[in-house]
Amino acid sequence: MSPHPAAWSKARTPILVLVGALIAGIAWVSIGLNDSMSKFGYLWGNALQVAHPGYRIAFQGDVERHLFNTSMKVTIESHSAVISAESSERVAEVSKDLLGRIGVTNLPTDPMTDYLRTFRGGQGSDSKAKAVAVAQAESLKEKEVATVIVELSSPLLETEVERLTDFSVVEWKRFFLSGSRMPSGKPLYWWPGKGGCSATVLVDRHCSNRSAISQFRLWVRNFSDDDRANLAKLGLDLQALRDAASEGKVFGFIANVFDRDQALKLLDMPEVRTVDFVEREIDDER
């Protein structure tokens, strides 16, 4: 015998409410999970880049949720790849386990480490260091190009650095935002990414913001004191990040020089303390 329509209607109402609540809950968890995964990539992908100025780091695919961890693959290439026909891309992985611990695998040795540990950007002029750099610049051969670390004599505002050389393409803003104050001995660093954001570890957050300093500040703002241990694993110090964000100055930058004259022009600037020639190679197409 079929149930009375009125009785069925009364019984159906709480069931529909329960089903509706369940669907809404699943959708809410899904949205929250997606946002959490996106934020994971934004925070820790960039942390890897800040900790390793010697590379250009970009996403390779999406952030993935596994049973025991969340992970993301990134591509790593040297700065010289920008001016070389040879591809130097490698793949590394950043992960976060169920206990919230960050891990990195397959990270190659940073080619700039030795130079970065002696970085003295913002510490005044140095005529001896500059004379050595001038001699290196003058020794550049025809068609030889170089990747260099430029140390500034004193910290400058982003707009002041832009006037020194051509940063009209946003991705060339490979800025050092501190002296050597990290546990790793390296200065803090920020790179807005290829094209200023697309296909980078920035995950489309704040891509409309063309200021490298503003992007860095927005990124640092996301960390709490609970993140200190994970940042330390990457060689970063939370207080130093906050200090650099507050100061908002550029202490130096990474650049590619395409000939002897361009290198000497950099060294002729009083704002430049010295230039370290990290990588040199012949570009036959020039």
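This is a predicted model: local features need pLDDT of at least 70, side-chain atom pairs count only at pLDDT 80 or more; totals for chains, interfaces and linings use all residues.
A crossing of two helices is termed left-handed if the near helix is turned anticlockwise from the far one by less than a right angle.

Helix H5 spans residues 212-220 and helix H7 spans residues 238-247. Their axes lie 9 Å apart, and the two helices pack at an angle of about 145 degrees. The crossing of H5 and H7 is left-handed. On the H5 side, the residues involved are Phe216, Arg217, Trp219 and Val220; these meet Leu241, Arg242, Ala244, Ala245, Ser246 and Glu247 of H7. Sorted by class, this contact of H5 with H7 comprises 6 nonpolar residues, 1 polar residue and 3 charged residues.

A further helix pair consists of H3, residues 127-138, and H8, residues 260-267. The axes of H3 and H8 come within 8 Å and cross at roughly 165 degrees. Because angles over 145 degrees count as roughly antiparallel, H3 and H8 are therefore roughly antiparallel to each other. H3 passes H8 in a left-handed crossing. The contact draws on Lys130, Ala133, Val134, Ala137 and Glu138 from H3, and on Arg260, Ala263, Leu264 and Leu267 from H8. By class, the contact of H3 with H8 has 6 nonpolar and 3 charged residues, with no polar residue.

The volume of the largest pocket is about 340 Å³. Its lining consists of 16 residues, of which Thr165, Asp166, Ala255, Asn256 and Gln262 are the closest to the pocket centre. Strand E9 gives the most to this lining, with 5 residues. In terms of class, the lining of the largest pocket divides into 10 nonpolar, 3 polar and 3 charged residues.

Conventions:
Residues are numbered from 1 along each chain as its sequence is written. Side-chain values use heavy atoms; hydrogens and water are left out. Axes are lines fitted to C-alpha atoms, for helices over the stretch in contact, and angles run from 0 to 180 degrees between N-to-C directions. Helices (H or I, at least four residues) and strands (E, at least two) are DSSP runs, numbered from the N terminus. Angles under 35 degrees count as roughly parallel, over 145 as roughly antiparallel, 65 to 115 as roughly perpendicular and the rest as oblique. Contact means heavy atoms within 4.5 Å. Ala, Val, Leu, Ile, Met, Phe, Trp, Tyr, Cys and Pro count as nonpolar, Asp, Glu, Lys and Arg as charged, and the others, Gly among them, as polar. On a 1 Å grid over the protein atoms alone, a cavity is a set of points where a 1.4 Å probe fits but cannot get out, and a pocket is an open set with protein on both sides within 12 Å along at least five of seven lines; lining residues have an atom within 4 Å of a point. Grid points are joined across faces, edges and corners, and a volume is the space filled by probe spheres set on the points.
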